[in-house]
Amino acid sequence: MNPTFDPSLDTFRVEYLVGPSLLLGLLFNYTFSFKEIMWSFSIFLEAVAIFPQLFILQRTGEAETITTHYLAALGLYRGFYIPNWIYRYYMEHTFDPIAVVAGVVQTALYADFFYVYFTKVLQGKRFELPA
């Protein structure tokens with residue numbers, strides 16, 4: 001098995017995701033309790049957790065097909081939350097602004113990736129970012 005970790009490429013500082021996510025969890029929650037703060041923190045962190053992978057893609061400019069399919073599956077999974085929110089809003093009269101805002105941010109982060117994915121990978125070409 002070949003190692004896939006390359007310290008010269010993987011220089012993303014995760015503390016830039018964890019710190020702001022924790023701060024948002026402290027500021028935006030429904031009750032100021034440990035459990036609620038940790039829930040909000042996890043929602044905000046999940047929204048930006050794809051950043052390190054997108055950072056590597058940006059640094060290398062390319063990715064293996066299996067990696068791109070995995071990232072697409074993650075993006076589609078999150079994208080399916082949107083119809084769920086719409087359904088729950090109209091049928092159950094439920095709206096969770098923290099989850100919706102974080103989910104929209106996360107889905108938007110995938111926009112550039114999906115453009116390349118749909119125009120290259122699904123056409124049978126290698127995933128390469130435009131120069």
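Start by selecting Val116, which you'll find in helix 7 (residues 111–119); helices here are DSSP runs of H or I with at least four residues, numbered from the N terminus. Before going on, note that this is a predicted model, where local features need pLDDT of at least 70, side-chain atom pairs count only at pLDDT 80 or more, and totals for chains, interfaces and linings use all residues. Residues are numbered from 1 along each chain as its sequence is written, and side-chain values use heavy atoms, with hydrogens and water left out.

Is Val116 buried or exposed? Val116 counts as buried because its relative accessibility is 3% (buried is under 20% relative accessible area, exposed over 50%, partly exposed in between, with a 1.4 Å probe and protein chains only).

Next, jump to His93, in the loop between helix 5 and helix 6. Check its backbone: phi is positive, about 55 degrees, although His93 is not a glycine. With 67% relative accessibility, His93 counts as exposed.

Follow the chain into helix 6 (residues 97–109). Helix 6 has 13 residues and reaches 18 Å from first C-alpha to last, close to the 18 Å expected at 1.5 Å a residue (the expected span is 1.5 Å times one less than the number of residues). Color Ile98, Ala99, Val100, Ala102, Gly103 and Gln106, which are buried. The buried residues of helix 6 pack against helix 2, helix 4 (65–79) and helix 5 (81–91), contact meaning heavy atoms within 4.5 Å.

Now bring up helix 2 (residues 34–48) alongside helix 6: they pack at about 15 degrees, axes 7 Å apart. Axes are lines fitted to C-alpha atoms, for helices over the stretch in contact, and angles run from 0 to 180 degrees between N-to-C directions. That makes helix 2 roughly parallel to helix 6, a label for angles under 35 degrees. To see the contact, select Trp39, Ser40, Ile43, Phe44, Glu46, Ala47 and Val48 on helix 2, plus Ile98, Ala99, Ala102, Gln106 and Leu109 on helix 6. Those contact residues divide into 9 nonpolar, 2 polar and 1 charged (Ala, Val, Leu, Ile, Met, Phe, Trp, Tyr, Cys and Pro are nonpolar; Asp, Glu, Lys and Arg charged; the others, Gly among them, polar).

Last stop: Thr65, in helix 4. Thr65 counts as partly exposed, at 45% relative accessibility. From Thr65 to Glu46 is 23 Å, C-alpha to C-alpha, and 19 residues in sequence.

How values were computed. Helices (H or I, at least four residues) and strands (E, at least two) are DSSP runs, numbered from the N terminus. Angles under 35 degrees count as roughly parallel, over 145 as roughly antiparallel, 65 to 115 as roughly perpendicular and the rest as oblique.
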